[in-house]
Amino acid sequence: MPELAEVEYIRKQWDAGLRQKTTRVELHRGDRIFRGTNEKRLISVLTGATYLGSEARAKLMCFRFSRGGWLGIHLGMSGNLRVEPARFAPGKHDHLVLVQKKRALVFSDPRKFGRVHFHQGDEAPEWWTKLPPAVTSPEFTFELMTAFLKRRARLAVKAALLVQSAFPGVGNWMADEILWQARIDPRVLCGRLSPKRIAAIWEKAREVCNVSLATVGVDYSDPPQDWLIHQRWTKDGVCPRHGVQLKTATIGGRTTRWCALCQR
């Protein structure tokens, strides 16, 4: 599933259509991706509307249009955005197509775990305003994170980092990276974390998110070469610090990798 930085990069793929008018909207009516969405209104409002701008928060993207149009897209497991020629013929996995004079903005999702939201109005919809504060924002305070971890005292810290209401946009590889940089074993229960370790998680969570947005989120370039991510995907991956082979386990339902030497 795309994480914070990947979502930011994917969002910008539709920038080619900025300040251009939508001439036609094509979608798969009744598709589960549009559950809870008024498809008829979406088509009516966005047809003839101008694409004004977009923003990503956590794993959700919001696209603003004239005529009060707010389009939200969650990529799910396999969703993606791309740009095609205006005369592009949508395939079976292309669930939403916004046709412009010179191009078509396409949302595809082979596994259909993604979702499309739509709202018309002057004010932002709840599905956008009710999102938790970004890890990189001033509102993501040490006190806020500490209170959350204390409420999840019996939860493994790796699983806690995957809770989107507390760490929006942080996914599997980012959670492993945060804990490796903070030198914390992913199996440790939140209730056993010392204030010093909690402070390390808060600091590294913000750092990993910021650096990821500045690299992956900008042009899909690699994070720093001394990060865990470059080893965690490989079968025989080793710790970048010590060269010790990484441990592997399933925590919080996700494959987790860590160094037993430096993450005690």
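Visitor: What makes strand E9 and strand E10 a pair?
Guide: Strand E9 (residues 247-251) and strand E10 (residues 254-258) share 5 bridges in the antiparallel sense. Two strands pair if DSSP finds at least two bridges between them, so E9 and E10 qualify. Within this pair, Lys247 faces Trp258 of E10.

Visitor: Before we go on, what kind of model is this?
Guide: This is a predicted model, where local features need pLDDT of at least 70 and side-chain atom pairs pLDDT 80 or more, while totals for chains, interfaces and linings use all residues. Residues are numbered from 1 along each chain as its sequence is written, and side-chain values use heavy atoms, with hydrogens and water left out.

Visitor: What lies between E9 and E10?
Guide: The two strands form a hairpin with 2 residues between them. In the turn, Gly252 has a positive phi of about 65 degrees.

Visitor: How many helices and strands does the chain have?
Guide: There are 8 helices and 10 strands. Both are DSSP runs numbered from the N terminus: H or I with at least four residues for helices, E with at least two for strands.

Visitor: What makes E1 and E5 edge strands?
Guide: Look at the open sheet of 4 strands, ordered E1-E6-E7-E5 with antiparallel pairing. Strand E1 (22-27) and strand E5 (80-85) each pair on one side only. Neighbouring strands here are turned by 20 degrees against each other on average, direction ignored. Helix H2 (residues 39-46) packs on this sheet and touches E1 and E6.

Visitor: How many bridges join E6 to E7?
Guide: Strand E6 (residues 94-100) and strand E7 (residues 103-108) run antiparallel, joined by 5 bridges. Val99 has Ala104 in E7 as its bridge partner.

Visitor: Why are H6 and H7 called oblique to each other?
Guide: The axes of helix H6 (residues 172-182) and helix H7 (residues 195-219) cross at roughly 130 degrees and come within 9 Å. Axes are lines fitted to C-alpha atoms, for helices over the stretch in contact, and angles run from 0 to 180 degrees between N-to-C directions. Under 35 degrees counts as roughly parallel, over 145 as roughly antiparallel, 65 to 115 as roughly perpendicular, and the rest as oblique. H6 and H7 are therefore oblique to each other.

Visitor: Which classes of residue make the contact of H6 with H7?
Guide: Contact means heavy atoms within 4.5 Å, and the residues include Trp173 and Ile178 of H6 and Ile201 and Val208 of H7. They divide into 10 nonpolar, 2 polar and 3 charged. Ala, Val, Leu, Ile, Met, Phe, Trp, Tyr, Cys and Pro count as nonpolar, Asp, Glu, Lys and Arg as charged, and the others, Gly among them, as polar.

Visitor: Why are H4 and H7 called oblique too?
Guide: Helix H4 (residues 142-151) packs against H7 at about 120 degrees, with the axes 10 Å apart. H4 and H7 are therefore oblique to each other. Among the residues in contact are Phe142 of H4 and Trp202 of H7. By class, the contact has 8 nonpolar, 1 polar and no charged residues.

Visitor: Why does the radius of gyration agree with that of a compact globule?
Guide: The radius is taken over C-alpha atoms, and the globule rule is 2.2 Å times the number of residues to the power 0.38. For 264 residues a compact globule would come near 18 Å, and the chain has 20 Å, which agrees. Along its principal axes, the C-alpha trace spans about 60 × 35 × 30 Å.
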